[in-house]
Amino acid sequence: DWGTPSGSGPGGGWRSWLGGMPSPGKAVKWVVIANVAVFIICQITGGARSPLYTSLAMRTDLVLDGQVWRLFTFTYLHDQHGLMHVFFNMLGLYFLGVPLERHWGAKPFFVFYTLGGFVAVLLYVGMTTIGPLAPGVPLVGASGGVLAVLGACAVLFPQFRIILYFFPVPIRTAALILVLLYGFNLWSRGANAGGDACHLAGLAFGVVWGYRGHILTRWWRQRA
């Protein structure tokens, strides 16, 4: 089930907090803190009109004008009209990121998570420059990185079961269902087609990294 495998991983056994839930590693903890902090700051400084929000959100037209930091910073922003976007992204990152960080270590995990968000947005950039989506529409959210984490976990921990739309399902089944849902919405140009392009690209990146990333992770550890 969610994040319940036994194992020692980096740093020894899993200490518990909040009624027995596994304690997050350094990378997961600080990514969650950063996302929540940025969300709160945006809320108290104007929401979607906050200078922080407008400066960091992904917009292809502004990236092409030289504001390349948006390719990375958008993953630390979330929809300002409610809590569900940031809540579910951080919940997924916690439950799936904790075992993955334990498996790889904090630095390799953070690099993987950051690359997942970056690779995810590249498909969005393509769809807004040569495809059907408007380049001036802001894109925010950690979903690309979180879906990359899910993809890697589906490869490395196939015994996991996750809650998908209130039902517990094997993680690989969940990944396949999400691919079908995101793919259909992207093909039909649904309301969140741009976001679903990121979801698909992030998930695909995670699967590939899950199969081949151990080579790069080993190289990283040797040089760290």
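A nonpolar core is a set of buried Ala, Val, Leu, Ile, Met, Phe, Trp, Tyr and Cys residues joined through side-chain atoms within 4.5 Å. This is a predicted model, and its largest nonpolar core has 55 residues. Met58, Leu93, Leu100, Phe109, Phe112 and Val149 have the most contacts inside that core. In soluble globular proteins, nonpolar side chains tend to be buried together.

Which elements give two or more residues to this core? They are H1, helix H5 (84-104), H6, helix H7 (143-156), strand S3 (161-164), helix H8 (171-187) and helix H9 (193-223). H5 gives the most, with nine residues.

Now take valine 149. Leaving out residues up to four places away in sequence, valine 149 touches Leu93, Leu96, Gly97, Leu100, Phe109, Phe112 and Tyr113.

Next, the helix pairs. Two packed helices are described by the angle between their axes and the distance between the axes. For H5 and H7, the axes come within 9 Å and cross at roughly 40°. Angles under 35 degrees count as roughly parallel, so H5 and H7 are oblique to each other. Their crossing is left-handed. On the H5 side, the contact is made by His85, Asn89, Gly92, Leu93, Leu96, Gly97, Leu100, His103 and Trp104. H7 supplies Ser143, Val146, Val149, Leu150, Ala152, Cys153 and Leu156. By class, this contact has 10 nonpolar, six polar and no charged residues.

What about H1 and H6? The axes of H1 (residues 26-44) and H6 (residues 106-129) come within 8 Å. They cross at roughly 45°, which means that H1 is oblique to H6. H1 makes the contact through Lys26, Ala27, Val28, Val31 and Asn35. H6 makes it through Ala106, Phe109, Phe110 and Tyr113. Here the classes are seven nonpolar, one polar and one charged.

Serine 50 sits in the loop between H1 and helix H2 (51-56). Is serine 50 buried or exposed? Buried means under 20% relative accessible area. Serine 50 has a relative accessible area of 1%, so serine 50 is buried. Setting aside neighbours within four places in sequence, serine 50 is in contact with Cys42 and Thr45.

Definitions and conventions:
Residues numbered from 1 in each chain as written. Predicted model: local features only at pLDDT ≥ 70, side-chain atom pairs only at ≥ 80, totals over all residues. Heavy atoms only, no water. Axes fitted to C-alpha atoms, helices over the stretch in contact; angles between N-to-C directions. Helix = DSSP H or I, 4+ residues; strand = E, 2+ residues; numbered from the N terminus. Parallel < 35°, antiparallel > 145°, perpendicular 65-115°, else oblique. Contact = heavy atoms within 4.5 Å. Nonpolar A, V, L, I, M, F, W, Y, C, P; charged D, E, K, R; others polar. Buried < 20%, exposed > 50% of the residue type's maximum accessible area, 1.4 Å probe, protein only. Left-handed = near helix turned anticlockwise from the far one by under 90°.
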